[in-house]
Amino acid sequence: MSEVEVYWHDHAVSREEYEKRNGNKGCVVWFTGLSASGKSTTANLVDHLLYKLGKHSFVLDGDNVRHGLNANPKMLQERHSEEFSKRFGLGFSAQDREENIRRIGAVAKLFADAGIIALTAFISPYKIDRDNVRKTLPEGDFIEVFVDTPIEICEQRDPKGLYKKARLGELKGFTGIDDPYEAPEKPELVLHAGNKSAEELAEEVIAFLKQKGKI
């Protein structure tokens, strides 16, 4: 196979023009935390509040992305299979998690470049992977939000029964049980989700975005 030269093409419409039309600054709000910590719930509530404010945002959720972007396109018809992700998409090894986050970071950056607030909800357990995404964005465009929920509360919620399976040894490499979660050292925002409602947490994110001039 001969090599193909690939070039970056500049856009005819600038980011500034997109942002002026949208009425908000493009950025990536990166929710990270344990499974069942409340990342997706909070991110979707923030998205709803931004919509009501007339702002442009979109949620990239961990489960949804693994059914599309990070699945084998030849096997999409089996995406509802219990074994689908393990057999045909990216798995949950450190290497696969790294690639999963790299791809999400690249997509989120495209949203930000279009003047959209990308809200990502992924466990993203490794600091280096989150930092690598941060490096791809201009200063101030990566907003790391640590959804700090005690593991005891996450286990009580356990909507998918994953913690139970991990405790029984039926699920290997589960974050927080037999695989590490590296909490952010200096996140832009910490949400104490153990003693606050998702609605309260979403309002904290909105307040932060206002404070930083993103909306």
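In strand 4, V29 stands opposite I143. The model is a predicted one, so I kept its limits in mind: local features need pLDDT of at least 70, side-chain atom pairs count only at pLDDT 80 or more, and totals for chains, interfaces and linings use all residues. Residues are numbered from 1 along each chain as its sequence is written, and side-chain values use heavy atoms, with hydrogens and water left out.

I then checked the strands themselves, where strands (E, at least two residues) and helices (H or I, at least four) are DSSP runs numbered from the N terminus. Strand 1 (residues 27-32) pairs with strand 3 (residues 117-121) in the parallel sense over five bridges. Strand 1 also pairs with strand 4 (residues 142-148), again parallel and over five bridges. Pairing here requires at least two DSSP bridges between the strands.

Is strand 1 mostly covered or uncovered? I found six of its six residues buried (under 20% relative accessible area with a 1.4 Å probe, protein chains only; over 50% is exposed, in between is partly exposed). C27, V29 and F31 lie on one side, V28, W30 and T32 on the other, and all are buried.

**Nonpolar cores**

I asked which residues touch the most other members of the largest nonpolar core. They are V29, F31, V46, L119, L191 and V205, out of 23 residues. A core is a set of buried Ala, Val, Leu, Ile, Met, Phe, Trp, Tyr and Cys residues joined through side-chain atoms within 4.5 Å. Strand 1, helix 2 (39-52), strand 3, strand 4, strand 5 and helix 9 (198-211) each supply at least two residues of this core. Helix 9 gives the largest share, six residues. Apart from this core lies another, of twelve residues, among them W30, L60, A118 and F142.

For L119 I listed the contacts (heavy atoms within 4.5 Å). Leaving out residues up to four places away in sequence, L119 touches, among others, V29, F31, A43, V46 and F58.

**Aromatic pairs**

I searched the whole structure and got five aromatic pairs. Rings of Phe, Tyr and Trp (its six-membered ring) pair if their centres lie within 6.5 Å; planes under 30 degrees apart are stacked, over 60 edge-to-face, the rest tilted. The ring centres of W30 and F142 are 5.7 Å apart and the planes are at 35 degrees, so this pair is tilted. W30 lies in strand 1 and F142 in strand 4, so the pair ties together parts 112 residues apart in sequence. W30 is buried at a relative accessible area of 0%, and F142 is buried at 3%. W30, F122 and F142 form one aromatic cluster.

Why did I note Y163 and F174 as edge-to-face? Their ring centres are 4.9 Å apart and their planes are at 85 degrees, so the pair is edge-to-face. Y163 is in helix 8 (residues 162-167) and F174 in the loop between helix 8 and strand 5 (189-192), eleven residues apart.

**Whole chain and confidence**

I counted nine helices and five strands in the chain. Buried residues make up 41% of the 215 residues.

I checked pLDDT, the predictor's confidence in each residue from 0 to 100. The chain averages 87, and 80% of the residues score at least 70. Over residues 72-82, pLDDT stays under 50. Where pLDDT is low, the predicted coordinates should not be read in detail.
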